[in-house]
Amino acid sequence: MFERIREDIYCIFDRDPAARNVFEIITTYPGTHAILFHRLNHWLWNKNFKWLARFLSNIPRWYTGIEIHPGATIGRRFFIDHGMGIVIGGTTEIGDDCSIYQGVTLGGTSWKPGKRHPTLQNNVVIGAGAKILGPITLHDGARVGSNAVVVKDVPENTTVVGIPGRQVKTKKFKEVRREAMAEKIGFDAYGATQDMPDPMANVVNLMLDHIHLMEDRMDKLCKEINRLDADFEVTPLPKLDAERIVCNGDNDELVTGKQAENINNPNT
C-alpha cells in the first residue's frame, strides 16, 4: 500500500506542471488527500469493516469535495486534478495511470445490485465535468472531453465528446507508436499530434517515426551479430541530455548540458 501511495504522489510531477515539491503536494493537493484516504478506506472495506470505511470516507468528502465510495477499486498512479465535485461509485474499477478532472461523475444508471458503475482501463483521461454512466468500459488510452455524457463503451485510443458522447478520433497505430517513442526519449507525447496548428509538429512526428525505425533496425542488426559472434557485447545507449535553444535576437544558439546551466546561473 505504501508503495502505491508513493506512486500516487510522484506521478503528479509528470501531469501537473504547477507541482513544485513533495511537501506541497502532500499538504495542499485535495486530490492527493482524497486518494490517500481512499487507500485506507478501501483496505478497511475489504477487511469487512464496511461501516467504518463508509464513515471515514465522509472526512475527505467534507474536506475536499471529492466523494469516493470505499468499495471502488483504483489502480496505480491515479491522478485527480482540482477535484471539486468528483463522484466515484462503489462498483467503479479504475486501472493504472488514469487522470480525472473536477466535476467528473463515474455513476450508475440502475438501482439493481451488482456492477452498476464504469470500468476505466489503463491510461484513461476524463475531462472536467464529464459524466460516465452505467457498467460500461473505457478501454486503454480512451479520452473523454469536458462535459461529455458517455453511456456506451469507448474503444481503445478513442476520443469521445458531446452529449451523448460520440467518437471524434481514434488514434492510428503510428500515432500510438509515436507517443511511446516520445515518452521513451523524454518528449511530451501530447505535443506530438497531427492536430497541432504548429507546422513543426509534423517535423517532430517524422523525427519520431525515423528514430523508431532506426532503433528497430539496430535491434535486429545487434541480434544477428550476436547470433554470429557469441562474444559480441551490446553497449547500452546513453541517456539523451535535455537541449535548449537560447534566443538572442537574430542569433539563436543551441546549447546543451553545462552550457545551459551556465546560462541559467551566470554567476557560477
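In the predicted model, R6 lies over the face of Y10, at 4.6 Å from the ring centre; a charge is taken to sit over a ring if NZ of Lys or CZ of Arg is within 6 Å of the ring centre and within 35 degrees of the ring normal. Residues are numbered from 1 along each chain as its sequence is written. The model being predicted, local features need pLDDT of at least 70 and side-chain atom pairs count only at pLDDT 80 or more, whereas totals for chains, interfaces and linings use all residues, and side-chain values use heavy atoms, with hydrogens and water left out.

Two aromatic pairs are present in the structure. Y10 and F13 form a tilted pair, with 6.0 Å from centre to centre and 45° between the planes. Rings of Phe, Tyr and Trp (its six-membered ring) pair if their centres lie within 6.5 Å, and planes under 30 degrees apart count as stacked, over 60 as edge-to-face and the rest as tilted. Y10 is partly exposed, with a relative accessible area of 40%, and F13 is partly exposed at 31%. In this classification, buried means under 20% relative accessible area, exposed over 50%, and partly exposed in between (1.4 Å probe, protein chains only).

The stacked pair is formed by W51 and F55, at 5.2 Å centre to centre and 10° between the planes. W51 lies in helix α5 (residues 50-64); helices (H or I, at least four residues) and strands (E, at least two) are DSSP runs, numbered from the N terminus. Because W51 and F55 are four residues apart in helix α5, about one helical turn separates them. An α-helix has 3.6 residues a turn, so residues three or four places apart point the same way. W51 is exposed, with a relative accessible area of 63%, while F55 is partly exposed at 45%. Together with F49 and L52, W51 and F55 make a nonpolar surface patch of about 460 Å². Patches consist of residues with over 30% relative accessible area and no salt bridge, like charges being joined within 9 Å and nonpolar side chains (Val, Leu, Ile, Met, Phe, Trp, Tyr) within 5 Å.

Helix α1 (residues 2-10) has I5, E7, D8 and I9 as its buried residues. These residues pack against α2 (12-15), α3 (22-28) and α4 (30-46), contact being defined as heavy atoms within 4.5 Å.

N157 is located in the loop between β13 (149-150) and β14 (158-161) and, at 15% relative accessibility, counts as buried. N157 and G141 are 16 residues apart in sequence, yet their C-alpha atoms are 4.4 Å apart in space.

Technical notes: Accessible areas come from the Shrake-Rupley method with a 1.4 Å probe; for residues, only the protein chains shown count as cover. A salt bridge is a side-chain nitrogen of Lys or Arg within 4 Å of a carboxyl oxygen of Asp or Glu.
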